[in-house]
Amino acid sequence: MKTLKDAKVGETVKVTKLTGEGPVKRRIMDMGITKGVEIYVRKVAPLGDPVEVTVRGYELSLRKVDAEMIQVE
């Protein structure tokens, strides 16, 4: 079970499942991260937080805590 947090810089991954509950899951979905969408990992900050990704044609920064809720393949 790989999460977005485990993805390497330059890798393109596909979302398989969103974990989390209520408002947190809703916020991730509102950012355009849904099952089946492809995410390209652009950069990771030196201390690992945040992770910068490209999803649906726009750039997005995610906290490590949020990236752990996104399962990818």
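Is Tyr-40 buried, partly exposed or exposed, and what is its relative accessibility? At 37% relative accessibility, Tyr-40 counts as partly exposed, where buried means under 20% relative accessible area, exposed over 50%, and partly exposed in between (1.4 Å probe, protein chains only). The legends below describe a predicted model, in which local features need pLDDT of at least 70, side-chain atom pairs count only at pLDDT 80 or more, and totals for chains, interfaces and linings use all residues. Residues are numbered from 1 along each chain as its sequence is written, and side-chain values use heavy atoms, with hydrogens and water left out.

Figure 1. Strands (E, at least two residues) and helices (H or I, at least four) are DSSP runs, numbered from the N terminus. Leaving out residues up to four places away in sequence, Tyr-40 touches Gly-10, Glu-11, Thr-12, Glu-52, Val-53 and Thr-54; contact means heavy atoms within 4.5 Å. Gly-10 and Tyr-40 are 30 residues apart in sequence, and their C-alpha atoms are 6.7 Å apart in space.

**Figure 2. The open sheet of six strands.** The strands follow the order S1-S6-S2-S3-S4-S5, with antiparallel pairing; two strands pair if DSSP finds at least two bridges between them. Strand S1 (2-3) and S5 are the edge strands, each pairing on one side only. S2 and S6 run antiparallel and are joined by three bridges. Val-15 stands opposite Val-72 in S6, and the bridge partner of Leu-18 in S6 is Ile-70. Three bridges also join S2 to S3, which run antiparallel, and Val-13 stands opposite Ile-39 in S3. In a regular strand the side chains alternate between the two faces of the sheet.

**Figure 3. The largest nonpolar core, with 20 residues.** A nonpolar core is a set of buried Ala, Val, Leu, Ile, Met, Phe, Trp, Tyr and Cys residues joined through side-chain atoms within 4.5 Å. Leu-4, Ile-33, Ile-39, Val-53, Leu-62 and Ile-70 touch the most other members. At least two residues of this core come from each of strands S2 (12-18), S3 (38-44), S4 (51-55), S5 (58-62) and S6 (70-72). Not counting residues up to four places away in sequence, Ile-33 touches Val-15, Leu-18, Ile-28, Ile-39, Val-55, Leu-60, Leu-62 and Ile-70.

**Figure 4. Asp-66 and its salt bridge with Arg-27.** A salt bridge is a side-chain nitrogen of Lys or Arg within 4 Å of a carboxyl oxygen of Asp or Glu. The closest N and O atoms of Asp-66 and Arg-27 are 3.2 Å apart. This pair links distant parts of the chain, with Asp-66 in helix H2 and Arg-27 in helix H1, 39 residues apart. Asp-66 counts as buried because its relative accessibility is 3%, whereas Arg-27, at 35%, counts as partly exposed. Arg-27, Arg-63 and Asp-66 are linked in a network of salt bridges.

**Figure 5. The salt bridge between Arg-26 and Asp-30.** The N to O distance of this pair is 3.1 Å. Both residues lie in helix H1 (residues 22-30), four residues apart, about one turn of the helix. Arg-26 is partly exposed, with a relative accessible area of 48%, and Asp-30 is exposed, with 55%.

**Figure 6. Arg-56 in the loop between S4 and S5.** Arg-56 has a positive phi of about 55° although it is not a glycine. Arg-56 counts as exposed because its relative accessibility is 53%.
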